Amino acid sequence: MTIDEKPIRFKIEPPVEIRERRLGSITTWSGLAGDLVERSRAGALREGSRSFEQVAACASGCATLNLVTIDDAVVVNHAPMGCAGVAARYNRCRRIGRTKRGLAPDNLPLVSTDVRERDTILGATGKLVETIRAAVAERKPAAVFVTTSCASGIIGEDIEGAIAEAEAELGIPVVQVDCAGFKSRIWANGFDAAYDALLRRIVKPATARDPNRVNVVCFSGSLGPLEELLSPLGLVPEPITQFKTIAEIERLSEAAATVGVCPTLSSWLADGLEQRFGVPRVQAPSPYGLRATDAWLRGLGAVTKRSDRAEDFIAAEHAAIKPELDELRTKLAGKRVFVSAGSAQGHNFIAALNDLGIRLAGGCSSHHDPSLDHLAPEADSLANAIHERPDVPYGVCNKQAYQLMNMIHRLKPDLAIMRHPGLVFWPAKLGIPTAYFEDEHFGLGYRGLIRLGRAILDRLDNPALERSLARRAHLPFTDWWLEREATHFLEF
Ligand code: SF4
């Protein structure tokens, strides 16, 4: 591929708008999945309010987590120390992710400015610049990202000015990431804020294009499943942006295409790489289940001019997995599964379950995007996942365990798939076999479908742990709550 147009380089511009305003995203819903799709298409979704909330997620934490996985950068969390209370979990994510990619585990490059009450009155920019200087002296990073917080957002200081001063002095990019937690209930805004910072300040215009390299916007999962899908087309996956160096991120504009494995994660970055740097984005649902994987490969084949190879690969893989897929379908027929996940990643699981002959008992996502940035309607992950069964119960709640437990208790599935580790034990306490897949790429593509089917079968065959937990666990939820409608504390 030749570079036909000059990419647009950034001028000063406002940071990315939150999803609620940009896309009309919501965190409250209870009804049928088909209705959610229809209302999303009609622009008829409204955010509700909760009279009781058990937990809140934070976009600042999500942005910080995304950026602390960059290899040679430092993240300065301009916040009270409490905002870094999840640092141990982030460290675990970084260490496990590096191990999955065959890299030596190390500790996360995160420091906090430790904003205190006094600083909120007298100002904290001096502290910020000092912390940046100290972090650079100690770790010699290629860039510094400053993630903002509720406290730094509320005092409204000139962070940009302080950062510009530090950048001029230190000679490396020092980049503000606008992600104050109070701005949104949707933590996925942190993905957008982190990627927006990379697009605006780190990625450089391409000087050449590599026709074989494909940016794959993904989590920290292992590389193997990506290679399974791209290598037969003669393509090399560039998993971004975790465990990449700043120099590698500068060159994301040189790839032949960008694809994603989860549109919730990839949307803003893939869109930005296409619109700002001319890297075409593949318009397809994520490669989970046969139908979506076929579409994803066809989209990738078309963009990289390898449609024939994509068709050959699709046909060969369908034939190769058919015997075991048929066997799995027979064994799993009639099983009912509940899926809880962030948003599109849950839709991905549902699409794969359909192909395994499993009935969706119900699902719940942590937020819902009625559409995604410039993503074509055929890439609508929920519509794709529920096209055969739009009448399935579906909820949207931002990790409120009480709402999830109410749904699961009512629906009584044979198995629950929980995407987030902090929620895994809840259905298990009800005695319901529960699956958590640590490697986000586990179920990708044709071979992933088989892996997923085998793992589900294994969980269904071995319910001893959950049964034992249910006998011993004391639930904090009363019968009064479990017998109420899941919408009891919701107002629209
Ligand atoms: S940024 Fe705000 S919401 Fe996020 S952890 Fe800090 S105080 Fe909590």
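In what order do the four strands of the open sheet stand? The order is β4-β3-β5-β6, and the pairing is parallel. Two strands pair if DSSP finds at least two bridges between them. Helices (H or I, at least four residues) and strands (E, at least two) are DSSP runs, numbered from the N terminus.

Before I go on, the ground rules. This is a predicted model, in which local features need pLDDT of at least 70, side-chain atom pairs count only at pLDDT 80 or more, and totals for chains, interfaces and linings use all residues. Residues are numbered from 1 along each chain as its sequence is written, and side-chain values use heavy atoms, with hydrogens and water left out.

Now confidence. pLDDT is the predictor's confidence in each residue, from 0 to 100. The chain average is 94, and 97% of the residues score at least 70. Residues 1-11 are another matter: pLDDT stays under 50 there. The model has 25 contacts beyond four places in sequence for that stretch. Contact means heavy atoms within 4.5 Å. Where pLDDT is low, the predicted coordinates should not be read in detail.

β4 (110-112) and β6 (174-177) stand at the edges. Each has a single partner strand, so one side of each is left without a neighbour in the sheet. On average, neighbouring strands here are turned by 25° against each other, direction ignored. Axes are lines fitted to C-alpha atoms, for helices over the stretch in contact, and angles run from 0 to 180 degrees between N-to-C directions.

Look at β3 (residues 73-77) and β5 (residues 143-147). They run parallel, joined by five bridges. V75 stands opposite F145 in β5. Helix α9 (residues 189-201) lies across β5 and β6, and runs at about 145° to β6.

Next, the ligand. Which residues surround it? They are C58, S60, C83, S149, C150 and G181. Near here means that one heavy atom of the residue lies within 4 Å of the molecule. By class, the shell has three nonpolar, three polar and no charged residues. Ala, Val, Leu, Ile, Met, Phe, Trp, Tyr, Cys and Pro count as nonpolar, Asp, Glu, Lys and Arg as charged, and the others, Gly among them, as polar.

Another strand pair: β7 (residues 213-217) and β9. Four bridges join them, and they run parallel. N215 stands opposite T258 in β9. In a regular strand the side chains alternate between the two faces of the sheet. In β9 (residues 257-260), A257 and V259 point one way, T258 and G260 the other way, and all are buried. Buried means under 20% relative accessible area, exposed over 50%, partly exposed in between (1.4 Å probe, protein chains only).

Now some backbone details. A cis peptide bond joins I240 and T241, with omega about 0°. T241 sits in the loop between β8 (236-240) and α11 (246-250). F243 is found in the loop between β8 and α11 as well. Its phi is near 65°, a positive value in a residue other than glycine. Is F243 buried or exposed? F243 is buried, at 6% relative accessible area.

F243 also turns up in the contacts of T69. T69 lies in the loop between α3 (59-68) and β3. Its relative accessibility is 2%, so T69 counts as buried. Beyond four places in sequence, T69 is in contact with R94, Q242, F243 and K244.

K305 has a positive phi too, about 60°, and is not a glycine. K305 lies in the loop between α13 (290-303) and α14 (307-332). At 71% relative accessibility, K305 counts as exposed.

In α12 (residues 263-277), 13 of the 15 residues are buried. Just after α12, G278 takes a positive phi of about 75°. In α17 (residues 401-411), nine of the 11 residues are buried. Among them are A401, Y402, M405 and L411. Just after α17, K412 takes a positive phi of about 45°.

L404 counts as buried at 4% relative accessibility. Leaving aside neighbours within four places in sequence, L404 is in contact with F338, S340, C364, C397, M418 and L423. How far apart are the C-alpha atoms of L404 and A486? They are separated by 8.1 Å, and the two residues are 82 residues apart along the chain.
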